[in-house]
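Subject: Structure for you to look at

Hello,

I am handing over the structure below, with the sequence. My notes on one strand and on the cavity search follow it.

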Amino acid sequence: MVAKSMEQLVSLCKRRGFIFQNSDIYGGLQGVYDYGPLGVELKNNLKAAWWRSMVYERDDIEGLDSAILTNQKVLHYSGHEDTFSDPMTDCRKCKGRFRADHIKDGKCPNCGSVDLTDPRPFNLMFKTNIGPVDDGANFGYLRPETAQAIFTQFKNVVDSTSRKLPFGIAQIGKSFRNEITPRNFIFRVREFEQAELEYFVAPGEDEKWHEIWKEERVKWWENQGLKRENINIYTTPKNDLAHYAKACYDIEYQFPHGMEELEGIANRTDYDLGNHTKAQDEMNLTSNCHKNPDSTQKLCISDDNNKWVIPFVIEPSMGVDRGVLAVMTEAYTEEDLGEGNSRIVLKLKKHLAPIKVAVIPLKKNNEQIMSKCKEIKNNLLKLGIGRVALENTGNIGKAYRRHDEVGTPLCITVDFETIEQYPESVTIRDRDTMKQTRVNVADLKDYLRNYFAE
Ligand code: ATP
């Protein structure tokens with residue numbers, strides 16, 4: 001069952017410490033959110049799953065972690081300075097600013113006035129002064145996508161890894177866009193994280209690889225728990241394509257507010273490497289490049305016939321925050337337990353769960369039970385499965401309810417039987433079935449190793 005409303009998710013996120021409004025005590029900063037104690041775990045787990053599938057499980061992809069601050073020239077030659085903008089209309093009455101395509105019947109969406117300016121381009125990049133002198137000449141940008149550094153570091157990566165086509169460079173990191181109307185919680189924000197792969201292929205092979213990556217990425221999302229019936233693949237019409245793209249698929253997800261883009265998979269052709277390369281005339285480019293007198297490098301690679309070519313690139317680009325929202329939406333379940341009882345349970349895949357195991361004492365502040373709990377926790381940590389949380393609440397029912405809500409797959413309860421009988425044993429409660437199993441403490445590590453290896 002998909003979450004009924006965004007309000008339910010927002011409320012759970014705040015109540016249980018997943019996501020908070022940034023600068024909350026000062027009234028918030030619009031379109032900016034902070035990840036709380038459990039949100040940071042969930043987000044890290046999603047990023048780790050992506051990195052693992054891209055960089056560790058394959059042998060044709062390298063990683064990169066580049067800076068957020070970006071030289072103005074990079075974003076000039078990438079085309080973002082000129083074209084990364086939305087046409088905006090201002091309302092002269094209420095002073096509101098709106099995307100021109102959001103104006104209906106020529107009326108201000110805020111106050112209804114028809115006294116509107118003509119649409120004007122509004123650049124979405126955050127410009128910032130770099131260096132001690134703020135004279136307007138020394139500026140750069142916060143990157144609006146992580147991809148550009150992959151292109152500008154292309155030659156360094158190829159030279160240091162001796163890669164041949166096809167191969168990819170993967171990167172996860174923050175991006176910034178001055179969205180006009182941030183909305184729908186963490187769906188459209190001004191500071192967000194992207195996980196981007198630039199997969200370089202021989203010219204002419206691009207359409208084949210575009211199809212391959214579309215299939216791969218849908219499979220990956222299914223492995224994160226999204227049901228296929230909640231995913232849609234949208235082919236962007238030619239007139240809606242980004243300035244760098246020849247074709248683009250959007251992987252859309254049924255968010256609480258509607259079916260919307262979760263990940264874009266673009267065929268960026270040789271546009272970016274072409275724009276950032278020197279001596280473009282010699283490179284037989286297919287895209288329309290800016291003339292580039294500033295670049296010092298030819299961003300090319302030698303192909304199978306020892307000819308220097310500028311590769312084409314396929315880019316699966318996922319929004320990490322939208323990913324967090326999607327997996328939470330899918331996992332959020334309200335279950336009727338009968339007799340007027342119900343529970344909220346976050347049925348996250350175990351590799352995504354913020355807390356893997358909670359160790360809970362049956363009785364609060366009982367020294368013997370607590371010390372056994374600590375011993376068990378420390379032992380389980382050695383498995384490297386992620387966060388193992390130790391409780392000292394003494395209220396088992398409440399602890400189970402809380403861990404159901406945050407998606408903890410297993411709760412281990414240490415009771416008097418554990419410490420008084422031989423062999424020592426504990427109960428393990430399964431989040432989804434609520435079934436309890438008695439397991440000997442000596443077998444716990446193997447039990448959990450098998451459980452989390454599945
Ligand atoms: P949209 O059409 O929703 O504005 P986009 O097509 O501009 O998105 P891309 O440039 O393709 O987005 O960026 C790749 C991914 O980065 C998107 O699929 C999305 O998941 C994420 N993303 C882009 N903009 C935002 C944002 N403002 N807030 C959160 N995630 C974003």
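Please keep in mind that this is a predicted model.

Strand E22 (residues 410-414) is largely enclosed by the rest of the structure, because five of its five residues are buried, each with under 20% relative accessible area. In a regular strand, side chains alternate between the two faces of the sheet. In E22, Leu 410, Ile 412 and Val 414 point one way, while Cys 411 and Thr 413 point the other way. The residues of both sets are buried.

E22 has pairing partners in E20 and E23. Strand E20 (residues 357-361) runs parallel to E22 and is joined to it by five bridges. Within that pair, Pro 361 is opposite Val 414. Strand E23 (residues 425-430) is antiparallel to E22, with four bridges between them.

Now the cavity search. How many cavities of 30 Å³ or more does the structure hold? There is one, and the volume of the largest cavity is about 80 Å³. Its lining consists of Val 32, Tyr 33, Tyr 35, Lys 43, Lys 174, Ile 186, Val 189, Glu 191, Phe 192, Glu 193 and Asp 321. Strand E2 (33-35) and strand E11 (191-201) are the elements that give two or more residues to this lining. E11 gives the most, with three residues. By class, the lining residues of the largest cavity are six nonpolar and five charged, with no polar ones.

Regards

Conventions. Residues are numbered from 1 along each chain as its sequence is written. This is a predicted model: local features need pLDDT of at least 70, side-chain atom pairs count only at pLDDT 80 or more; totals for chains, interfaces and linings use all residues. Side-chain values use heavy atoms; hydrogens and water are left out. Buried means under 20% relative accessible area, exposed over 50%, partly exposed in between (1.4 Å probe, protein chains only). Two strands pair if DSSP finds at least two bridges between them. On a 1 Å grid over the protein atoms alone, a cavity is a set of points where a 1.4 Å probe fits but cannot get out, and a pocket is an open set with protein on both sides within 12 Å along at least five of seven lines; lining residues have an atom within 4 Å of a point. Grid points are joined across faces, edges and corners, and a volume is the space filled by probe spheres set on the points. Ala, Val, Leu, Ile, Met, Phe, Trp, Tyr, Cys and Pro count as nonpolar, Asp, Glu, Lys and Arg as charged, and the others, Gly among them, as polar.
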